[in-house]
Amino acid sequence: MKICIVISSYNNDVTDGLFKSAKEELENSKVTNFEVIKVPGAFEIPFAISKMINKFDGFIAIGC
């Protein structure tokens with residue numbers, strides 16, 4: 001299983017904590033094959049996912 005985490009760089013104080021929790025949950029679930037993509041803001045997350053939809057089995061979107 002290959003997972004992509006798409007994270008907004010806007011509001012890092014909020015998104016960093018959410019990212020750490022998501023990464024921890026993936027590791028607890030034995031999912032080690034994941035890639036992190038950073039985008040400027042939350043509005044860019046759906047666009048980034050739509051461009052990579054066929055490359056990953058699942059996505060985690062983190063934005064605020």
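Me: In this predicted model, where does N11 lie?
Reply: N11 has a positive phi of about 60 degrees, although it is not a glycine. It counts as partly exposed, because its relative accessibility is 29%. Its place is the loop between strand 1 (3-8) and helix 1 (12-28).

Me: Is K30 buried or exposed?
Reply: K30 is in the loop between helix 1 and strand 2 (34-39). Its phi is positive too, about 65 degrees, and K30 is not a glycine. The cut-off for exposed is over 50%. K30 has a relative accessible area of 70%, so it is exposed.

Me: In what order do the elements of the protein chain run from the N terminus on?
Reply: The secondary structure comes to 2 helices and 3 strands. From the N terminus on, the order is β-α-β-α-β.

Me: What is the radius of gyration of the protein chain?
Reply: The C-alpha atoms fill a box of roughly 30 × 25 × 10 Å along the principal axes. The globule rule gives 11 Å for 64 residues, and the chain comes close to that, so it is as compact as a globular protein of that length. Its radius of gyration is 11 Å.

Me: Why are the buried residues of helix 2 on the same side?
Reply: In helix 2 (residues 45-52), the buried residues are I45, A48, I49 and M52. An α-helix has 3.6 residues a turn, so residues three or four places apart point the same way. On the other side of helix 2, P46, F47 and K51 are exposed.

Me: Which strands do the buried residues of helix 2 pack against?
Reply: The residues in question are I45, A48, I49 and M52. Their partners are strand 1, strand 2 and strand 3 (58-62).

Me: How many disulfides does a search of the whole structure find?
Reply: C4 is buried, with a relative accessible area of 0%. C64 counts as partly exposed, at 46% relative accessibility. The sulfur of C64 is 19 Å from the closest cysteine sulfur, in C4, which is too far for a bond. The number of disulfides found is 0.

Me: What share of the contacts with a separation of 6 or more comes from residues 24 or more positions apart?
Reply: Of the 64 residues of the protein chain, 31% count as buried. Contact means heavy atoms within 4.5 Å. For residues 24 or more positions apart, the share is 75%.

Notes
Residues are numbered from 1 along each chain as its sequence is written. This is a predicted model: local features need pLDDT of at least 70, side-chain atom pairs count only at pLDDT 80 or more; totals for chains, interfaces and linings use all residues. Side-chain values use heavy atoms; hydrogens and water are left out. Helices (H or I, at least four residues) and strands (E, at least two) are DSSP runs, numbered from the N terminus. Buried means under 20% relative accessible area, exposed over 50%, partly exposed in between (1.4 Å probe, protein chains only). A disulfide is a pair of cysteine sulfur atoms within 2.5 Å. The radius of gyration is taken over C-alpha atoms; the globule rule is 2.2 Å times the number of residues to the power 0.38.
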